[in-house]
Amino acid sequence: MASVSIENSVADAKQKRSRPSRLAPNYWPFVLPALLVVSAVIVFPWVFTLWMSVNSWTLGQPRTFIGFANYVRLAQDMRFWESLWHTATYTALSVVLPLFFGTLAALIFDAKFPFRGLLRGVFVMPMMATPVAVALVWTMMFHPQLGVLNYLLSFLGIGPQEWIYNQFTVIPSLVLVETWQWTPLVMLIVLGGLAAVPREPYESAEIDGANAWQKFRYLTMPMIAPFLMIAVIIRSIDAIKSFDIIYAMTQGGPGTASETINIYLYNTAFAYYDIGYGSAMAVVFFFIIIALSFVLLMVRQRANWSDMETK
Amino acid sequence: MATVNIQNIQKNYGAVKVIHGIDIDIADGEFVVLVGPSGCGKSTLLRMIAGLEEVSGGEIHIGSREVSNMPARDRDIAMVFQNYALYPHMTVADNMGFALKLKKVPAAEIQTKVKRAASILGLEALLDRYPKQLSGGQRQRVAMGRAIVRDPQVFLFDEPLSNLDAKLRVQMRGEIKTMHQRIGTTTVYVTHDQVEAMTMADKIVVLHGGFIEQIGAPLELYDRPANVFVAGFIGSPAMNFIDGRVEEGVFRTTRGLILPLPQAVAEKMGGRDLVYGIRPEHIRASTHGIEGRVTLVEGTGSEIFTRLDADGEDIACLFRERFDIRFGDTVFIEIDPSKVHLFDKQTGRRI
């Protein structure tokens with residue numbers, strides 16, 4: 001009797017599995033609201049941007065279809081290549097420096113010492129400030145005559161610097177702000193990683209003959225690598241699309257010395273009202289971000305020892 | 001290979017003393033098991049030998065070297081941990097070769113040694129896997145392999161089989177013993193399982209509350225336990241202990257049950273309050289003798305474990321024969337007087 005009922009239930013299950021294709025239309029009302037929202041806020045703007053990028057359209061003038069002319073113009077636009085270089089430099093430095101200092105801070109805060117909790121709280125405070133407020137404060141600090149940074153440098157016998165007002169120091173100065181604000185985020189991520197690292201292998205390593213540096217090099221670093229990769233992904237995506245701090249502090253200047261793709265794109269589309277060309281820039285920028293994300297995810301997968309599935 | 005000499009070793013955690021001056025001599029190539037209940041200090045002692053715990057007093061010698069304050073990495077020992085402590089981000093081969101890599105041994109030599117250890121432990125097919133891709137038994141083998149490739153002077157095992165299921169535990173027990181017989185390295189093995197201790201050791205050290213209760217060969221501990229603690233700890237099921245007094249050539253329990261004694265002992269011990277010890281497996285079922293009512297029956301196929309209520313005394317018996325006995329039945333048992341152990345009631349020491 002029992003075996004019969006099991007057979008029946010298996011047959012029922014098979015029937016149920018074959019039904020969804022016929023019943024699927026009935027589910028549409030449930031999916032529709034989400035579909036409408038996604039279409040309105042993601043699909044439509046994206047398709048519209050694609051369409052605009054193959055048109056010549058300056059606000060107030062008629063739109064004309066020009067095919068890939070905007071993309072050809074982009075390839076020949078030195079200002080675009082320059083902004084691409086600025087973006088790459090700014091992104092690389094804004095990832096590497098917070099990663100280095102964040103990891104260092106995490107290793108320090110992972111150790112036990114008095115007032116650790118309090119100091120950790122103080123350390124993460126920059127992360128909580130809004131970018132525009134941060135930009136205003138740092139703009140004042142960077143001021144060549146009135147800024148506190150030059151005042152502090154004078155104690156070290158270093159003459160006044162031009163910081164964001166010099167074409168050669170503007171990007172490092174902006175990166176300094178970015179590092180100051182986002183090092184705590186990396187610290188928190190790595191600190192979480194350090195807490196998740198098993199302690200037993202360290203005793204094994206001690207017996208295997210590892211000194212403190214070798215334990216760090218061969219155990220700590222590889223074991224927190226998945227967490228470092230998460231920090232790299234978050235920082236890379238944040239840094240490459242960074243706009244607010246740069247715009248609020250330099251607006252891409254002096255000249256175009258700190259003009260990243262984002263700033264150039266914004267200026268093209270909303271200052272010069274060249275919507276078609278700006279759209280082409282947005283499309284290219286989009287594919288750059290997709291490529292970067294893909295590479296980072298691939299690297300992350302390789303670094304993730306904790307995801308090794310049982311064969 | 002080397003001898004290990006532990007002299008008056010002590011361990012304090014603040015004001016709490018957990019090991020009270022222990023002396024153990026371990027011969028070259030010997031397999032010594034430290035056994036005792038949880039909290040007896042056996043793992044702490046092992047970790048002190050390894051150099052993972054500081055020594056509060058006394059000395060540890062490995063071979064001719066005094067290692068008490070030497071870092072673990074300089075002691076030339078290998079340790080297998082209860083939770084394996086493998087490097088999760090390294091493959092089996094890298095795990096096994098890590099110690100050699102730190103010593104800057106050439107890669108080709110590391111590979112040879114790893115392959116040899118892997119063949120001893122049947123790990124050849126798993127060398128490219130990560131610990132997470134292995135079963136508990138395989139991980140345990142990797143931990144052992146990691147120890148073997150080092151070719152250390154002493155192997156230390158800290159409850160290495162505790163995380164395995166019963167069947168695998170028996171299998172791995174055999175493998176560790178075989179490995180020791182093959183390699184012959186001095187081994188110190190910690191366990192709370194007295195069956196592991198009995199089956200594996202050349203010498204057992206029974207620890208209790210940070211003191212050594214007895215050191216000896218497994219059968220010596222079984223046949224001549226030094227005190228009530230060792231008698232109760234070694235042997236499964238545990239020995240029966242019954243309080244009473246030697247009177248008129250027999251042992252009369254506090255509840256009035258009369259138990260047999262060897263004649264010579266009975267004459268010497270007359271009038272003394274003692275603890276009577278008899279192992280469950282040394283009690284025979286009979287058609288006459290001590291009468292008891294069955295309060296528990298556990299049959300395993302090869303033997304029957306029962307508990308009897310004999311004049312209020314609870315007596316555990318282990319019968320190799322098959323009987324049809326059930327709860328509430330009345331049975332008769334006989335005790336072989338030559339197997340009886342007597343202990344002083346005050347000190348618990350063997351008489």
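This is a predicted model: local features need pLDDT of at least 70, side-chain atom pairs count only at pLDDT 80 or more; totals for chains, interfaces and linings use all residues.
Reader: How is chain B divided into domains?
Author: Domain 1 of chain B covers 4-230, and domain 2 covers 240-344. Their C-alpha centres lie 39 Å apart.

Reader: Which residues is B:Leu156 in contact with, leaving aside its neighbours within four places in sequence?
Author: They are B:Leu46, B:Ile49, B:Ala50, B:Ile77, B:Met79 and B:Val188. To count as a contact, the C-beta atoms must lie within 7 Å.

Reader: What makes strand 8 of chain B "mostly covered"?
Author: Being buried takes 20 or more other C-beta atoms within 10 Å, and six of the six residues in strand 8 of chain B (186-191) are buried. Both faces are covered: B:Thr186, B:Val188 and B:Val190 are buried on one side, with B:Thr187, B:Tyr189 and B:Thr191 buried on the other.

Reader: How do you know that strand 7 and strand 8 of chain B pair?
Author: A pair needs at least two bridges, and strand 7 (154-158) joins strand 8 over five bridges in the parallel sense, so the two strands count as paired. In that pairing, B:Asp158 stands opposite B:Val190. Strand 3 of chain B, residues 31-35, also pairs with strand 8 in the parallel sense over five bridges, and B:Val35 has B:Thr191 as its bridge partner.

Reader: Why are strand 2 and strand 5 of chain B said to stand at the edges?
Author: The open sheet they belong to has four strands in the order 2-1-4-5, with antiparallel pairing. Strand 2 (16-26) and strand 5 (65-66) each have a single partner strand, so one side of each is left without a neighbour in the sheet. Elsewhere in that sheet, strand 1 (4-13) and strand 4 (57-62) pair in the antiparallel sense over five bridges, with B:Val4 opposite B:Ile62. Helix 1 of chain B, residues 42-50, lies across strands 1, 2 and 4 and runs at about 115° to strand 1.

Reader: What is the strand order in the open sheet of five strands?
Author: In chain B the order is 15-19-16-17-18, and the pairing is antiparallel. Strand 15 (283-286) and strand 18 (313-319) stand at the edges with a single partner strand each, so one side of each has no neighbour in the sheet. On average, neighbouring strands of this sheet are turned by 45° against each other, direction ignored.

Reader: How do you know that strand 17 and strand 18 of chain B pair?
Author: Two bridges would do, and seven bridges join strand 17 (304-310) to strand 18, so these antiparallel strands qualify as a pair. B:Leu308 faces B:Ile315 across them, standing opposite it.

Reader: Why is B:Glu298 called exposed?
Author: The limit for exposed is 12 or fewer other C-beta atoms within 10 Å, and B:Glu298 has 11, so it is exposed. B:Glu298 has its place in strand 16 of chain B, residues 290-299. C-alpha to C-alpha, B:Glu298 is 24 Å from B:His192, and 106 residues separate the two in sequence.

Reader: Over to chain A. How many helices and strands does it have?
Author: Chain A has 15 helices and two strands. Of its 311 residues, 28% are buried.

Reader: How many residues of chain A are in contact with chain B, and with how many there?
Author: 19 residues of chain A are in contact with 21 residues of chain B. Helix 11 (200-208) and helix 12 (212-240) of chain A each supply at least two residues of the side that touches chain B. The largest share of that side, seven residues, comes from helix 11.

Methods:
Residues are numbered from 1 along each chain as its sequence is written. Chains are lettered from A and ligands numbered from 1 in the order in which they are written. Domain bounds come from an automatic or database domain assignment. Two residues are in contact if their C-beta atoms, placed from the backbone, lie within 7 Å. Axes are lines fitted to C-alpha atoms, for helices over the stretch in contact, and angles run from 0 to 180 degrees between N-to-C directions.
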